[in-house]
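I opened this notebook to record what I looked up, in order. I begin with one chain and then turn to its contact with another.

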Amino acid sequence: MEEDIVDYALEYAKSKGAEYAEARAQSQVQERLMLRSGILEAYVSAVDSGFCVRMIAEGGIGFASTNKWTREEAKEIVDLAFRYAKVANRKDKIRFAEEKSVETKWVVNQKEKIEDVSPEEKISKFVDIDKSLSSCGVKVAATMSSCTIDLTSNYYVNSESSRISSFVPKIGAFIFITVAEQGKTEQAYEQFGYSGGWEAFRQWNITEKMIHDAKVLKDVITKGKTVKPGIMDLICGSEVTGIAAHESCGHPMEADRILGREMSQAGRSFIFKGGPFWIGTRIGSDVVTIVDDPTIEHSYGYYAYDDEGVKARRRYLYKNGVINEFLHNRETAARLGTRSNASSRSINYDREAIVRMANTFVLHGEMTEEELIEDVKYGVYMKSFTEWNIDDKRFNQRYVGREAYMIENGELKHPIARPVIETTTQKFWTAVDAVSKKVEFDAATCGKGDPSQGVPVYTGGPCIRLKGVYVK
Amino acid sequence: MNDVLNKTGEIVKKAKALGADEVIAKTTFGMYRQVRFSNNQVDTTVAWNDYVTDVALAWKKRVVVTQIHNFYEVDARIKKLLELAKVSKENPMFGGFAKGSFRYAKSKADERLRDLENPTDYVFEAINAAEKEVGSQIDSGGILFTKFEDVYLVSSEGPVGVDSRSAIELSIRVFSEREASGHSVECSSTLKDFKPAKAGMKAGEIARLAKNPKAGDEGVYDVVFDPLIFGSLLGVWASMTSAFNVMVQLSVFVNKLDQKVAPEIVVLKDNPSAYSLANRLFDDEGVPTRENVIIDHGVLKTYLHNTSTAKIFKTETTGNAGLVVPTPWNIEMNPGDMDKNEIFKELKMGLYLTNTWYTRFQNYTKGDFSTIPRDGIFLMEKGEIRQSWKDIRISDNALSLLTNIAGISKERQHVHWWGEADPPSLSPYVLIKNVHITKSK
């Protein structure tokens, strides 16, 4: 990364007379392994490196990027961004909420440096997972797995004298399996993610988890019964709690969505000014507190400063069941008369930073998982999910259980095949009457933006119990 | 131009000289422009200049891939890539890259799409057309995207090709009320055929008709799918015909070759021809792209292949090679024999759906999935709108929907939208019987 060219781009941008300018460079050492049923289809090794400028001029925003590291190219993209900012010709002029300038450098440490791990070892990790699956006593008809490694160096400067350098290694894995038994199939996938080094593999226990999933799918095929649709209690495992927190709390609380900026793609929000829901409105029971926190060390969504140079902190989204704080970047914060809470993220130098989640999860309660189950007379325990989705105002959602069991008189019974909860955000979080002690996280890739920017996040939470919901 | 082709060829020569068995290098000089707008105003205008050479090489059936971003770092990158190949693991199913010399058609890319002077003009053309439909209370958002790529491909196995690929697309979503919206797109490979006002007018019309929606009712309905939402379904079926997805069981078409998967009236093709956003003369192995009939009068005739998957399935490549796995380019459904109006008249009582998003599967081999219709959702009676609806979900099966196609319009629209109607398609109005609709409880 040639920082002098980035500095030059900023200085040239400032000389154009823009109201605001920033330059952001990123160099990413990438490795990708792609396997099909234990066969390495391809090993990708590349370095992607480039920089962008973003400018506000006459109340409009222009953004341009390049991966050609020359001063001439820097000048060209500044000219483009400046020209594009001015053609916006907006009635409502864009401005950014105030921020202190920052000069700092931050890094994520690796206990076992990824750079020191040989390609052979990386390959063998995944080949071994497949071997273990093929001898686990379940007929695994096909697997697909991938590993992504990104060693990312960033350099950020803006016209308000901020200058931030960072280095973040991230490692991710994805495994998809198909189990075939008795002429039927069931499928599952698991995603793993970590900010840090190769030590991630020891923590993930991928092989054990995938063998567990294979056995669960076999049980669903051979022993699973369907649930009789009706009103009952539902216990959601941390995986289900986490996806619900992400989809029906994190997304609707993104201020750009609330203000309509994503309206034609990811949509808007059930929260809007003048509507039935706003800050201070109850959306769930008082045992529900959902936070988004980029500062969890080594989490997949970790960062110390966002991509506008704002220091990261925990955000309380729903607090004791009440809508509390939106996710903001500097643009949305200015429009709603507040300060950014460091939610501006970009996946690469060639993408504009937009409002994103980091690690979204339900805070813990006081009960054990066993205590949650003990109090259920008739219900379902949905430990994990398969199909899920939510509408674009983030109000009507559906989760279909992957590993699920019937609960009768406080005891877990037989497996349930694909139980479904299809309900609204308000009904879901209002029905929660108890929350367990132990919080667990899952890695995920959150999609938003056009072109799409899949950002690494954690979803998570404890087990939660919903009283009297419709399950089918 | 020749200079870039020569430099791309140099990469292949260097890799061969270092010991690679087979090498492909593809250099793309891309200029991409985008205008994003919401609340009837431009939020940001974006320019990306991207210069990249994708390199795939094989050494003793070990396949490794890299990207080179400037021609000065070639020696080091290729050397490193070959070292990686030597410690990598053999893929016994690797069938080599495509062999032979091919003649390609001439590119019809539109040079004017290299860098539009005033891209925001097209946005306001669409907004103004929408406003004529919904009035001054209009709230609209969307994107205008343009692409111009110069592509240079050299393969050690023979293919050498130069292509230029242009595209322009506009996506506009229009709200007439908080919960009443319409969405439409306009997609073209040339500026001459690009009519943004058409998209604005259609999105505005749907938004106007969608006013005062009520929560829909669960049930089983006959449904007319607008070309935009049907484009989403075409995208789902198309991705399931990639031979790689078949092998990893991300497909409802596993073991269904030469079987009836749809009624007689269904003919489905992959064809990245000149009009398409995905236009291209050759695939990533240098094989000329072509029209492939995937479903012929209801019978599944082929999966989409690169050279390796074709060998596994004992057939020939279909010209769908991506750098590693085969991919669909542009899906076309043959037109039917009904006018659009006849399709609607056929709907005695049912739904007209215009758009959807968030399609997710429980099980790809079984095909069970759900997706969430958005924008105009209409309860129809004898071809007329009886009521505007909201808050419903299609909870059905990908194979059942294909099997239950009962009518296809003569009219087709070239559609593409975000990741939801992707890859691009040439999509008609389609009547599907017995579609399962669910809702929140």
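Predicted model: local features only at pLDDT ≥ 70, side-chain atom pairs only at ≥ 80, totals over all residues.

Entry on the fold. I listed the secondary structure of chain A and found 24 strands and 10 helices. I then checked the radius of gyration: chain A has 24 Å, close to the 23 Å that the globule rule gives for 472 residues, so chain A is as compact as a globular protein of that length. Along the principal axes, I read a span of about 70 × 55 × 35 Å for the C-alpha trace of chain A. I also looked up burial, and 56% of the 472 residues in chain A are buried.

Entry on the contact. I found 66 residues of chain A and 61 residues of chain B in the contact. On the chain B side, the elements that each supply at least two residues include strand E2 (41-59), helix H2 (74-87) and strand E13 (349-363). E2(B) gives the largest share of that side, with 11 residues. I sorted the chain B side by class and recorded 25 nonpolar, 25 polar and 11 charged residues.

Entry on strand pairing. Within E2(B), Trp48(B) stands opposite Ser65(A).

Key: Residues numbered from 1 in each chain as written. Chains lettered and ligands numbered in written order. Helix = DSSP H or I, 4+ residues; strand = E, 2+ residues; numbered from the N terminus. Rg over C-alpha atoms; globule rule 2.2 N^0.38 Å. Buried ≥ 20, exposed ≤ 12 C-beta atoms within 10 Å, placed from the backbone. Contact = placed C-beta atoms within 7 Å. Nonpolar A, V, L, I, M, F, W, Y, C, P; charged D, E, K, R; others polar. Pairing = 2+ DSSP bridges.
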